[in-house]
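Below are some points on the model, set down for a colleague who has the coordinates open.

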Amino acid sequence: MTNPVQIIAVGAAAPAWRLPASEVAAAWGRKGGRGQAAACPPDEDVLTLAADAALRALAASGLQTDIVDGLWWGTTRPPFAEGPSHAFLAAAVGLSAKSGGTLCAGSAHAGLDALVSAADAVAAGSARVALVVASDAVIPGPGTAFEERSGAGAVAFVLTNDDGAAAIGARVTRTHPYLDRYRGDQEEQTRDIYDGRLFREEVFLPVMRDLGQQLAALDITAWSLPDPDGRLGAAAAKQLGAGTPASTGVYAALGDTGAAAAMLGAVAALDAAGRVAVVGYGGGRATGVVITADRAVPGAAGLGDILATGRPTTYAEVLRARNVLVPNGETVAMAVPPQSAQLVRGADEILGLLGARCVDCGTINTPPTIHPHCISCGSSKFVLEPIARHGVVHTYVINQTMPAPFQAPLPLAVIDLDDGARVMLQVAGDGATLEIGSEVDLVLRRYAVERGVPVYGYKAAVRPVDPADAAEAASDSPQEA
Amino acid sequence: MAWNKVAVVGGGIIKFGELFEQSYEQMASGAFDAALATVDKGFDPLQVEAAFVATQRGTLWGQEGIGGNTVPTAIGLAGIPCTRIENACPSGSDAFRVGAMAVASGVHDVVLVIGVEKMRDKSGDEGLLARAAAGHPVYTRGETAPVLFAPFATRHMHEFGTTREMLASVAVKNHYNGARNPNAHFRNEITIEDAIKSAPVCHPLHLLDCCPQTDGAAAVLLVSAERAEEFTDNPVYVAGFGVATDHPYLHEKSTFTSLRATTMAAERAYKMAGVEPGQIDSAEVHDCFTITEILDIEDLGFVEKGKGGVASLEGETSLTGRIPVNTSGGLLAKGHPIGATGVAQIVECWSQLRGQADERQVEMRNGYALQHNVGGRGSGVSVINILTTNK
């Protein structure tokens with residue numbers, strides 16, 4: 001008898017922006033618009049969100065990333081429609097080049113597809129440690145009914161067959177071959193060409209009732225339920241007698257996070273012991289999984305901060321970031337394309353952040369491929385190792401004048417990392433809180449989308465300043481103009 | 001050191017500016033003619049034995065991979081030996097150094113050094129560093145030219161209390177000098193307030209902290225010192241030069257309050273010339289941005305490290321100051337047509353040493369003038385030439 005599949009840690013992530021629904025409503029001449037949804041700035045997308053959540057879950061697990069046997073990633077819309085989506089995420093989170101797993105895609109059900117596939121692999125013994133990631137940042141068609149609820153976010157679970165804080169138990173699936181949201185091959189944006197009433201009465205609620213009743217028999221203490229439009233979730237909860245689902249807070253803060261929604265809603269309940277029914281819906285399929293937590297799952301407590309943060313944005317900013325509002329004229333290349341020789345040489349150092357430590361003097365040279373000799377002592381003996389992902393700003397600028405499609409302001413900083421390496425990177429955001437001495441984390445970000453190809457690399461994200469530290473710093477601030 | 005003495009016997013520049021009406025070839029021809037006209041006893045163009053041309057970036061006017069043959073045809077000397085030097089912002093000063101070595105070696109007696117750059121045939125969006133890729137090709141995009149220097153300003157302000165007013169004082173002084181130079185791109189004076197209130201370009205640098213994009217050309221004539229009197233009774237000699245390189249990317253820098261290429265090049269140039277920084281009477285230094293001049297005057301040893309901002313604000317580098325810097329208006333006011341810049345600085349040094357700088361003339365106590373450029377990725381190349389009237 002094998003152990004049930006265990007969850008040893010979880011992690012969550014959301015993009016930097018929050019779009020008030022009233023902004024969207026006003027743009028279309030409607031009154032009202034309740035709540036908000038998370039939205040990606042130009043440098044975030046499903047891949048960067050997935051990496052952020054995965055690294056948090058891995059950090060909470062305490063495991064070395066190279067012992068992870070596989071990555072199971074679910075997203076409605078992979079960053080490369082055809083391409084190395086899975087391989088990029090695996091490299092960015094530091095998984096071994098021998099790791100396996102699966103990319104699940106095509107609808108918001110992809111998150112649960114990834115979870116149950118990974119659980120099956122662990123149960124079967126083909127993976128001892130599995131990383132499950134669900135992320136979404138669907139681009140809703142302008143003017144669609146679900147536009148103001150369409151959010152973005154990511155969640156990750158680390159599964160093993162060893163002792164964990166929670167166990168994955170029963171599962172139920174129902175299918176109904178009905179088309180609701182849709183995006184064709186030639187399309188950039190997701191459309192809603194279906195009849196909302198028909199979907200609600202004949203598809204969604206009957207499926208939820210059937211599936212929910214199966215789960216409800218298992219002494220469920222908390223529910224994570226899908227709520228694609230801001231009303232269906234409450235209706236489903238009511239017919240199940242589920243009270244207020246645990247997922248409600250996530251929907252209120254981030255909107256509908258698509259493939260990530262079911263697992264994110266579960267994380268909201270996994271910071272304490274209990275039995276959670278995790279239900280996902282998309283593409284004519286619904287799946288529910290029961291997770292039983294004996295105690296708080298490591299990483300689950302971090303969700304609160306993620307839901308509470310985020311910068312309010314405008315509809316125009318979001319449309320620009322989604323490439324819906326596009327400037328006229330010629331643009332310059334902003335990054336190194338993933339099909340280039342430079343990336344073939346540099347994939348480990350660009351995505352995996354490898355540096356070359358000089359054996360003779362200890363200086364870390366970055367990136368390794370342009371440093372056959374050490375910048376400090378000239379030696380050519382190196383060991384490759386991951387560079388630190390946290391450091392302090394040594395100096396910086398905020399660039400205000402760049403050719404399109406760069407958008408000002410663009411902060412850039414020279415950073416001294418904890419291991420002594422010095423790097424220079426773009427800084428995420430507008431640099432409003434950037435100072436010499438600011439603490440930063442290196443985070444995967446999308447530099448650009450060029451000729452339709454997303455291009456990724458690292459940026460520095462300024463850590464929020466502790467108010468107590470800020471007061472202290474203000475009393476002896478440098479004489480900077 | 002066993003090298004033959006080299007004399008500068010002529011130097012001229014064309015009026016710098018946005019020269020939309022002139023071709024690259026016309027600018028080269030104009031600079032050559034201007035240099036010929038300055039030779040006291042006359043100069044037959046056919047005496048030129050070899051030429052060294054500095055043009056940093058032919059792509060800025062639509063010519064890729066230009067060689068040394070464009071200029072000889074343009075100045076009516078097709079057939080002479082001619083080599084093009086491209087070495088980032090110090091291209092012009094390096095062409096001068098190479099020309100001087102050609103004479104010092106004894107291979108040539110009469111050499112033309114000419115710098116020509118067309119910056120404004122391309123719009124700002126397409127022009128210098130417009131790809132915003134001055135940084136590492138893989139790691140850091142969004143680096144335009146100001147990004148190469150602004151981090152030094154941020155750090156200099158942090159460590160030494162340098163202020164935006166001090167930065168602005170460099171722009172004010174160089175515009176004052178440029179207003180007195182008929183060949184400068186900008187001939188208007190500005191105030192500290194103008195500079196501080198100008199539009200932000202790259203924090204902490206604003207528009208008037210930055211040099212313009214300028215078309216221009218300049219030329220000098222070098223001869224072996226023993227033949228100098230054929231051309232003039234008032235020659236200027238090459239006292240020495242120094243070149244140095246530093247790591248090409250900003251994240252490889254160990255300091256952001258000094259440009260190591262400059263300090264190393266200066267050490268070499270002073271040693272070769274046998275002079276101390278205190279003996280320099282006048283200097284043309286690389287002021288692509290205000291912060292660059294502040295770094296330069298510290299790295300060249302004119303003021304103590306960290307005091308460059310204060311020294312500028314207090315007028316130590318003005319025409320009547322202790323060490324006049326950029327009497328021509330510098331890159332900030334005269335303009336920065338890259339290949340021509342270093343050669344034009346030599347022309348200014350030559351004029352100052354001969355007492356022919358008119359309103360801009362400064363006192364020559366020791367008979368030494370210094371010319372300096374720094375540039376390239378990570379400001380990793382510096383060239384310094386020291387000229388003298390001392391035989």
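1. In this predicted model, the largest nonpolar core has 285 residues. The residues with the most contacts inside this core are A:V10, A:V133, B:A31, B:I114, B:V220 and B:V343. Helix α2(A) provides the largest share of the core, 11 residues.

2. Leaving aside residues up to four places away in sequence, B:V343 touches B:A54, B:G92, B:A95, B:F96, B:V113, B:I114, B:G115, B:A218, B:A219 and B:V220.

3. In chain A, nine strands make up an open sheet of mixed pairing, with the order β5-β4-β6-β7-β1-β8-β13-β12-β11. Its edges are β5 (100–105) and β11 (222–224) of chain A, each of which pairs on one side only. On average, and with direction ignored, neighbouring strands of this sheet are turned by 20° against each other.

4. Helix α2 of chain A, residues 46–61, packs on this sheet and touches β1, β4 (70–75), β6 (129–136) and β7 (153–160) of chain A. The direction of α2(A) makes about 135° with that of β1(A). Strand β1 (residues 6–13) runs antiparallel to strand β8 (residues 166–175) of chain A, and two bridges join them. Where does A:I7 bridge in β8(A)? The bridge partner of A:I7 there is A:A166.

5. Strand β10 of chain B, residues 368–375, is largely enclosed by the rest of the structure, because eight of its eight residues are buried. In a regular strand the side chains alternate between the two faces of the sheet. For β10(B), one side carries B:Y368, B:L370, B:H372 and B:V374, the other B:A369, B:Q371, B:N373 and B:G375, and both faces are covered.

6. Which strands pair with β10(B)? Strand β9 (residues 282–284) of chain B pairs with β10(B) in the parallel sense over three bridges, and B:S282 has B:A369 as its bridge partner. Strand β11 (residues 381–388) of chain B pairs with β10(B) in the antiparallel sense over eight bridges; here B:H372 is bridged to B:I384. β10(B) and β11(B) form a hairpin with five residues between them, and B:G376 in the turn has a positive phi of about 80°.

7. The contact between the chains takes 37 residues from chain A and 33 residues from chain B. On the chain B side, α4 (150–160) and β5 (200–203) each supply at least two residues. The largest share of that side, six residues, comes from α4(B). By class, the side of chain B that touches chain A has 15 nonpolar, 11 polar and seven charged residues.

8. Strand pairing also crosses from one chain to the other. Strand β18 of chain A, residues 390–399, pairs with β5(B) in the antiparallel sense over two bridges. In β5(B), B:H203 is the bridge partner of A:I398.

9. Chain A is divided into domain 1 (6–321), domain 2 (339–386) and domain 3 (388–481). Six residues of domain 2 are in contact with nine residues of domain 3 in chain A. What classes of residue does domain 2 of chain A place on the side that touches domain 3? That side has four nonpolar, two polar and no charged residues.

Terms used: Residues numbered from 1 in each chain as written. Chains lettered and ligands numbered in written order. Predicted model: local features only at pLDDT ≥ 70, side-chain atom pairs only at ≥ 80, totals over all residues. Pairing = 2+ DSSP bridges. Helix = DSSP H or I, 4+ residues; strand = E, 2+ residues; numbered from the N terminus. Axes fitted to C-alpha atoms, helices over the stretch in contact; angles between N-to-C directions. Contact = placed C-beta atoms within 7 Å. Core = buried A, V, L, I, M, F, W, Y, C linked by C-beta atoms within 7 Å. Buried ≥ 20, exposed ≤ 12 C-beta atoms within 10 Å, placed from the backbone. Nonpolar A, V, L, I, M, F, W, Y, C, P; charged D, E, K, R; others polar. Domains from an automatic or database assignment.
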